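Trainee: I have a model open and would like to go through some of its features with you.
Mentor: Go ahead and ask.

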Amino acid sequence: MSMRGAKWLWRALIPLPLLLATATPVLADAIPLTLRMQAPSQVRLGETTTITAVLRDSKGAPVPRATIVLWSQSSFLSTGGAVEQGKEVTDAQGKVAFAYEARTEGTVTLNAFYAGDSRFAPAQSSADLMVQGSEQLYQESPGVPVPGVRWLVAGLLSGVWLIYLTVMVLLSLIAREGSQTSGGAGGSHG
Amino acid sequence: MEKVTESRREGLERTVLRPLVHTGKGYRLLVGFLVLVVLWGAYAYSTQLQQGLIVTGMRDRILWGFYITLFVFFIGISHAGTLISAILRVVKAQWRTPVTRMAEFITVVALSVGGLMPMLDLGRPDRIPNLFLFGRWQSPILWDLFSITTYLTGSIIYLYLPLIPDLALCRDRLGTEAAAWKRTFYRAASLGWQGTVRQKKYLNIALKCMMVLIIPVAVSVHTVVSWIFAMTLREPWNSTVFGAYFVAGAIFSGIAAIVIVMAILRRAFHLEAHIGNRHFINLGYMLGAFALIMLYFNATEYLVTGYKMAGEAPVHFLQLFFREYAPFFWFYIIGGMVIPGLIILVPQTRTFAGVLVASGLVLIGMWLERFIIVVAGLRVPLMPYEPSSYTPSWVEWSVMAGAAAMFCLVIAIFAKLVPVIAIWEVAEQYEEHEAKETALTPEAPEQAAWPQWGRAAGPAAEQGSTSGGTT
Amino acid sequence: MDNLPSRSDTPGPESSQTEARPKRLTRRKLLLLLGGAGAASVAANFLAPLFARGVGAATRGDTRDVRNARVRKWAMVIDLRRCDGCQSIGQPPQCTEACIQGHYAPEPMQFIEVYEGELKGGGSQFIPTPCQQCQNAPCLNVCPVGATFATPEGVVLIDQERCIGCRICMAACPYDRRFFGWSDPPVPPESKLAAYDVEHPTARKGVTHKCDFCPEMARVGKLPYCAQACPSDAIYYGDLEEDIATNGVELVKLSAFLAENQAYRQKEHLGTKPRVYYIPGHGEAVGRNPRRHGRKATTWPWQEKIKGAQTWKR
């Protein structure tokens with residue numbers, strides 16, 4: 001019995017290496033890549049700069065049609081996390097270009113990340129940018145300013161009230177005339 | 001011949017001055033009743049001050065109701081004075097003279113009552129000073145404040161100016177029959193008017209300034225009142241025609257108000273000899289003309305919106321033409337404009353009674369029109385919710401009654417204080433008429449006590465230039 | 001007599017008039033002067049609003065969170081793909097409930113209200129609608145006393161100490177987002193203990209109320225009540241200046257988030273330029289069938305009513 005069992009065991013073990021070879025393709029075949037980022041070291045707040053990255057394998061051959069994600073670590077209202085700044089696909093030369101607009105002042109660490117696939121290992125790269133400046137970038141523009149409206153309204157109102165004032169002056173003149181003549185010439189008319 | 005003039009003018013003076021010294025029981029009863037109604041309205045308002053605006057029928061979605069309706073309505077009526085007094089004076093329509101004083105009364109009282117209504121509508125009336133301390137000129141409400149105070153001041157001046165010679169007449173004619181305080185009032189308020197050349201000149205200049213100025217001021221008033229609505233983004237209100245539409249509606253309701261007030265005062269003070277049916281018919285012509293103008297505005301508004309049926313227009317049309325507000329709307333269109341227009345157009349109905357009935361219908365119709373604009377305009381939903389409804393509460397009805405009573409009360413008091421007809425103007429027209437009829441010598445006008453208004457050259461030139469006198 | 005200037009047509013008895021005239025003129029001059037001064041001061045007061053500085057725009061309530069000289073510009077993004085009106089949890093919309101709790105909002109005030117709108121192709125969508133914080137706010141434009149004002153962050157607030165209760169702002173708002181205190185509102189007594197703060201007001205009689213975007217929460221690094229409470233994290237609160245937003249779980253680049261998801265604003269054609277964006281959807285991300293109508297009605301937890309307080313229907 002044990003002899004027959006050992007024969008079955010031996011037969012079961014034959015496919016094992018094959019199984020092992022196909023079961024772990026990454027371990028077996030993942031090609032390591034290098035991702036190189038190019039970014040200016042200093043950039044002005046609000047300016048859009050180009051961040052490039054190149055994905056190559058160990059032999060220096062470019063890797064096309066690979067999705068590269070540009071992200072930075074941020075914190076906002078007590079929530080921290082990764083903010084995706086761009087997502088592009090490499091061209092035939094393995095190159096990718098991101099248009100990055102710096103909206104946060106100070107030192108910003110931009111990371112480029114390639115997730116990898118069945119053939120390639122993941123790759124990443126980082127670059128630090130110094131963002132300078134402190135001007136307000138977002139401006140509201142709710143309308144179209146029309147100059148002089150206030151002055152027009154003020155002018156019209158003043159004009160009307162000046163005429164009222166003139167009339168009051170005329171009334172006071174009538175009163176003065178009346179009190180002068182009543183003292184002098186004849187009284188009421190019949 | 002001079003006797004005819006004297007007795008006609010004397011008759012005028014006697015009749016018009018009589019109410020200032022004699023008060024009948026009917027008047028006392030009327031005033032008592034009106035005071036009670038005003039007090040009841042004040043009591044109703046006091047409950048609102050205590051409990052808040054929840055005592056009204058207004059809520060978040062239909063946030064304006066009777067108070068704002070009355071505001072627009074009374075400010076509208078106030079245009080009576082502008083039209084009769086100013087416009088007709090500018091075009092020198094002679095028949096207007098017996099009517100001008102009452103028209104000017106109505107303007108001042110209507111403006112005062114109308115200006116009070118938004119204050120009753122406020123949630124925090126104790127903060128009215130904020131309007132002056134922190135007022136924003138960009139706000140339609142501040143435009144209302146500016147224009148209504150300007151118009152009120154102008155109307156008071158414009159009422160007072162032609163009143164001066166009449167007050168002097170009261171001062172001179174009414175001896176001890178009038179109460180002592182009244183005599184003091186006449187003496188003070190007549191500013192020592194003696195009819196001298198200088199005084200006439202000053203009065204002439206002042207009156208000419210005011211009569212031209214008050215017209216654009218009045219037009220601006222109801223235009224800015226309409227902009228309370230038109231400057232919002234609500235569909236039924238988002239129309240550029242509101243300014244002109246409201247001004248036309250104001251003059252329309254103003255004419256109707258004058259007809260009714262005049263009819264009542266004529267009856268009460270026995271002024272039939274001086275205000276004939278002719279005056280009512282002429283006002284009726286103007287009423288008819290404005291009925292047609294209003295019909296035109298309404299037709300334009302609904303045809304242009306209805307052809308497109310954009311946005312929430314279907315909801316508005318349904319509620320106005322067929323459903324919730326249909327009775328009010330059709331009464332306004334047919335009862336408030338078509339029927340009065342027909343009454344005036346058809347010669348058989350163009351009588352004093354006809355004009356009076358037409359005016360009554362117009363006033364009701366125009367009140368309904370203001371109500372529809374405010375309430376139906378607010379009822380159209382802005383977001384996906386079921387439209388609300390508005391039911392005025394007893395507080396709002398009481399305040400409306402109080403406001404109407406206040407209007408009548410102040411006019412009644414005015415009528416006992418000053419002559420309701422501009423005696424000097426009418427008297428001078430009688431004199432012109434007599435002078436033309438009997439070809440008097442130039443001597444007579446100089447003998448006449450009253451200044452020949454606006455005449456530089458002398459009587460001979462005047463006779464050719466003036467049109468026919470009064471009845 | 002020849003030396004004196006003739007002032008009237010009818011010269012009276014000269015001697016008495018010669019002596020009397022100077023006195024009368026002096027008094028009259030004084031009266032004219034006083035009258036002129038009075039008229040001038042009235043005129044100045046009347047015309048002052050035309051030239052008062054800084055009204056209508058960002059004035060009071062310096063609530064800015066200053067980092068350098070830059071000011072935050074708060075905005076909200078509501079992802080309608082994730083909003084199902086809390087149908088799936090069988091509760092009234094949690095955003096509204098949390099807001100009511102946090103602000104002691106009395107019945108029937110829902111500062112953020114979840115409307116159910118019909119979709120043009122059939123079915124419905126739930127639209128949580130806070131105050132849209134318009135950049136061209138009609139409510140702010142029409143307020144006669146500047147009680148409705150904007151902070152430097154672009155948040156539109158109501159100064160309840162200045163509001164006169166005229167309600168023209170409520171007539172002007174095209175989004176039905178304003179609520180009036182028709183009477184003493186039914187709120188818990190403890191809500192009245194806090195001193196008046198324009199950023200965190202309580203409901204009171206005679207003035208207007210609305211969503212205030214919770215600026216006091218943002219300043220201490222918290223999301224508004226509605227965003228915190230949403231069970232599917234549909235509400236994002238963001239800063240247009242730093243171009244970032246969060247719903248409490250993830251961070252997004254605001255401009256990319258809006259562009260990539262076809263974000264829109266409500267009633268764009270009215271030109272109000274709101275700060276609240278919507279990503280179109282009907283709750284599909286949480287498995288909602290657009291033909292499933294209805295949501296639970298909003299509830300207000302306050303049982304206590306102060307003396308004389310009543311509630312009302314909107």
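Mentor: First, the conventions: residues are numbered from 1 along each chain as its sequence is written, and chains are lettered from A and ligands numbered from 1 in the order in which they are written. This is a predicted model, where local features need pLDDT of at least 70, side-chain atom pairs count only at pLDDT 80 or more, and totals for chains, interfaces and linings use all residues.

Trainee: How many helices does chain B have?
Mentor: Helices (H or I, at least four residues) and strands (E, at least two) are DSSP runs, numbered from the N terminus. Chain B has zero strands, and its helices number 18.

Trainee: Why is chain B as compact as a globular protein of its length?
Mentor: The globule rule, 2.2 Å times the number of residues to the power 0.38, is compared with the radius of gyration, taken over C-alpha atoms. For 471 residues the rule gives 23 Å, and chain B is as compact as a globular protein of that length because its radius of gyration is close to that, at 24 Å.

Trainee: What is the strand order of the open sheet in chain C?
Mentor: Two strands pair if DSSP finds at least two bridges between them. The sheet has five strands with mixed pairing, in the order β10-β9-β8-β1-β11.

Trainee: Which strands of chain C stand at the edges?
Mentor: An edge strand has a single partner strand, so one side of it is left without a neighbour in the sheet. In chain C these are β10 (251-253) and β11 (276-279).

Trainee: Which residue stands opposite T246(C)?
Mentor: Strand β9 (residues 244-246) of chain C is joined to β10(C) by three bridges, and the two run antiparallel. In β10(C), the residue opposite T246(C) is L251(C).
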